[in-house]
Amino acid sequence: DLNFVTDEDLLRDKHRFIRSKEDDKDKSEANKLAKTIYESLYKEYALADLTLYKLGKIGLRWVTEAEVLRGKGKTICGNKHCQEQGELTQFEVPMAYIEKGEQKSALVQVNLCSECGNKLMYKKLQDKRKEKK
């Protein structure tokens with residue numbers, strides 16, 4: 001029975017959404033691979049997955065080079081499932097996540113069309129409406 005370790009296995013272990021100086025002290029090949037992948041991402045804007053917006057669950061990730069070249073998240077709505085090209089509004093979104101068992105948070109920027117902006121704010125607006133009742 002042979003156990004193979006793939007690049008994907010290594011990345012799962014070493015990838016960080018936001019790398020720290022501490023992460024860069026690890027000189028292993030796996031960490032070098034994770035750092036290379038991280039550096040190839042474009043961290044000016046994030047893309048949002050608003051599929052579960054009514055539950056207040058928003059998925060976020062950095063844009064890839066191919067998406068940047070297409071204008072996704074900059075001139076095309078930053079919702080993963082929307083291709084609206086028009087007036088976009090920039091939102092600064094606090095993102096909490098767990099990485100390697102540690103709670104972390106970061107502020108990320110997302111550019112959304114008005115419809116997707118409403119989806120992003122849906123849960124907050126619903127909660128405010130409930131408070132007024």
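Helices and strands here are DSSP runs, counted from the N terminus: a helix needs at least four residues, a strand at least two. With that in hand, let's tour this predicted model.

**Stop 1: the whole chain.** Show everything as a cartoon. Follow them from the N terminus and the order reads α-α-α-β-β-α-β-β-α. The C-alpha trace spans about 60 × 35 × 35 Å along its principal axes. There are 133 residues, and 32% of them count as buried. Of the contacts with a separation of 6 or more, 47% join residues 24 or more positions apart.

Stop 2: Select strand S3 (89-99) and strand S4 (102-112). How do S3 and S4 pair, parallel or antiparallel? They run in the antiparallel sense, with 11 bridges between them. Now zoom in on the end where Glu-99 has Glu-102 in S4 as its bridge partner. Two residues sit between the strands of this hairpin, and Lys-100 in the turn has a positive phi of about 55°.

**Stop 3: the core.** Stay with S4 and bring up side chains. The largest nonpolar core has 21 residues; Leu-60, Val-93, Val-108, Val-110, Leu-112 and Cys-116 touch the most other members. Strands S1 (42-52), S2 (57-63), S3 and S4 each give the core at least two residues, and so does helix H5 (114-132). Click on Val-108 and look around: among the residues it touches are Phe-17, Ala-46, Leu-60, Trp-62 and Phe-91.

**Stop 4: Asn-111.** Next, pick Asn-111, also in S4. Is Asn-111 buried or exposed? Its relative accessible area is 7%, so it counts as buried, the cut-off being under 20%. Where does its side chain reach? Draw a distance to the backbone oxygen of Gly-73 and you get 2.9 Å. Beyond its sequence neighbours, Asn-111 touches several other residues, including Tyr-45, Lys-74, Cys-77, Leu-88 and Gln-90.

**Stop 5: the largest pocket.** Rolling a probe the size of a water molecule over the atoms shows where empty space is left. The largest pocket holds about 300 Å³ of space. Which residues lie nearest its centre? Select Ile-58, Val-93, Pro-94, Leu-120 and Met-121, which belong to a lining of 14 residues. S2, S3 and H5 each contribute at least two residues to that lining. You've met Val-93 already: it was on the list of core residues that touch the most other members.

Conventions: Residues numbered from 1 in each chain as written. Predicted model: local features only at pLDDT ≥ 70, side-chain atom pairs only at ≥ 80, totals over all residues. Heavy atoms only, no water. Buried < 20%, exposed > 50% of the residue type's maximum accessible area, 1.4 Å probe, protein only. Polar contact = N/O pair within 3.5 Å; in protein donor to acceptor, adjacent residues only side chain to side chain. Contact = heavy atoms within 4.5 Å. Core = buried A, V, L, I, M, F, W, Y, C linked by side-chain atoms within 4.5 Å. Pairing = 2+ DSSP bridges. 1 Å grid on protein atoms, 1.4 Å probe; cavity = no way out; pocket = protein on both sides within 12 Å on 5 of 7 lines; lining within 4 Å. Points joined across faces, edges and corners; volume = space filled by probe spheres on them. Lists of a residue's contacts leave out its neighbours within four places in sequence.
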